[in-house]
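Me: I am new to this structure and would like to learn how to read its features one at a time. Could you take me through them slowly?

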Amino acid sequence: MRREVTVLGSCGAFPEPGRACSGFAVDWEGYRLVLDLGYATLPRLLAHWPDGRVDAVAITHEHPDHCVDLHGLFRMRHYGEAGEPRIPLYCPPGVLDRLQGLEPDVDLNAVFDAHPLPGAYRVGPFELTGLSLPHYVPNAGVRLQAGESVVAYSGDTGPTSRLVELGRDSDLFIVEATDRDGETQQPTRNLMTSAEAGHWAKRAGARRLMLTHFWPGNDRAVSAAAARAEFGGDVLIAEEGLSVTL
């Protein structure tokens, strides 16, 4: 049975040509969970799962580069698959507020069974834990644990020791590496560099680090080298369509 994570999108803010914003598909022995659905991720999700079946969705925060294609998933289910069971949705409250602005006359709860993050839940084969991480809006990193196997995902975040808790002993730690110019000079940190991603993944004891949320135009090889110098282990670059076996 398949146990893998597939990259749906890897860009921060807006997609580069041929790419998409943040999104990951988790296949675990037939159970299907999505982490974030930013710009242009839904078509890639449907290419990966042509029948469109999704068992659960976790969204880290309300910024559209992480959640806007959740609206497309809503419309697909609402207009194309009426009567199907609601999709469990784990997210900070602001996510549904954003989507409701796009659908003011339709009840989003007709499609989604919402559960707030941060929080801890049993979700299919996983223990799903959402931990609050610093960002411009409420934001929850997501940790998925099935037995001894762990996948952790930061969403967006500034540097924080909570990343150690989120990614502790993970098989795969997916961490944002925005590397936006001037970020390290900001008085309040809400995003990270690739070197910082490597630093916190090492402190967490992660076995593999995947960098994601690249600022459009950045040289990803440079980002990987900076992370590798800090992490010292296997560093992967999130590329659309890449699947990583767990």
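Me: How should I describe two packed helices?

Reply: Two packed helices are described by the angle between their axes and the distance between the axes. In this predicted model, helix H6 (residues 194-204) and helix H7 (residues 220-231) pack at an angle of about 30°, and their axes are 7 Å apart. That angle makes H6 roughly parallel to H7, and the crossing in which H6 passes H7 is right-handed.

Me: Which residues make the contact between H6 and H7?

Reply: From H6 the contact draws on Ser194, Ala195, Gly198, His199, Ala201 and Lys202, while H7 contributes Ser223, Ala226, Ala227, Glu230 and Phe231.

Me: At what angle do the axes of H1 and H3 cross?

Reply: The axes of helix H1 (residues 41-48) and helix H3 (69-80) cross at roughly 55° and come within 8 Å. That makes H1 oblique to H3. Thr41, Leu42, Pro43 and Leu46 of H1 meet Asp69, Gly72, Leu73 and Met76 of H3, and the residues of this contact divide into 5 nonpolar, 2 polar and 1 charged.

Me: What covers the buried residues of H6?

Reply: The buried residues of H6 are Ser194, Glu196, Ala197, Gly198, Trp200, Ala201 and Ala204, and what covers them includes helix H5 (162-167), S11, strand S12 (208-212) and H7. Just after H6 comes Gly205, with a positive phi of about 75°.

Me: What should I keep in mind when I look at phi angles and peptide bonds?

Reply: Most residues other than glycine have a negative phi, and most peptide bonds are trans. Here Ala40, in the loop between S3 and H1, has a positive phi near 70° although it is a residue other than glycine. Asp179, in the loop between S11 and H6, likewise is a residue other than glycine with a positive phi, near 55°. As for peptide bonds, the one from Leu117 to Pro118 is cis, with omega near 0°, and Pro118 has its place in the loop between strand S6 (112-116) and strand S7 (119-123).

Me: Is Asn190 buried or exposed, and which residues does Asn190 touch?

Reply: Asn190 is found in the loop between strand S11 (172-176) and H6, and its relative accessibility is 8%, so Asn190 counts as buried. Leaving out residues up to four places away in sequence, Asn190 touches Pro134, His135, Tyr136, Asp156, Thr157, Gly158, Glu176 and Glu183.

Me: What does Ala40 touch?

Reply: Ala40 counts as partly exposed because its relative accessibility is 32%. With residues up to four places away in sequence left out, Ala40 touches Arg19, Ala20 and Asp69. Between the C-alpha atoms of Ala40 and His199 there are 30 Å in space, and these two residues are 159 residues apart in sequence.

Notes: Residues are numbered from 1 along each chain as its sequence is written. This is a predicted model: local features need pLDDT of at least 70, side-chain atom pairs count only at pLDDT 80 or more; totals for chains, interfaces and linings use all residues. Side-chain values use heavy atoms; hydrogens and water are left out. Axes are lines fitted to C-alpha atoms, for helices over the stretch in contact, and angles run from 0 to 180 degrees between N-to-C directions. Helices (H or I, at least four residues) and strands (E, at least two) are DSSP runs, numbered from the N terminus. Angles under 35 degrees count as roughly parallel, over 145 as roughly antiparallel, 65 to 115 as roughly perpendicular and the rest as oblique. A crossing is left-handed if the near helix is turned anticlockwise from the far one by less than a right angle, and right-handed if clockwise. Contact means heavy atoms within 4.5 Å. Buried means under 20% relative accessible area, exposed over 50%, partly exposed in between (1.4 Å probe, protein chains only). Ala, Val, Leu, Ile, Met, Phe, Trp, Tyr, Cys and Pro count as nonpolar, Asp, Glu, Lys and Arg as charged, and the others, Gly among them, as polar.
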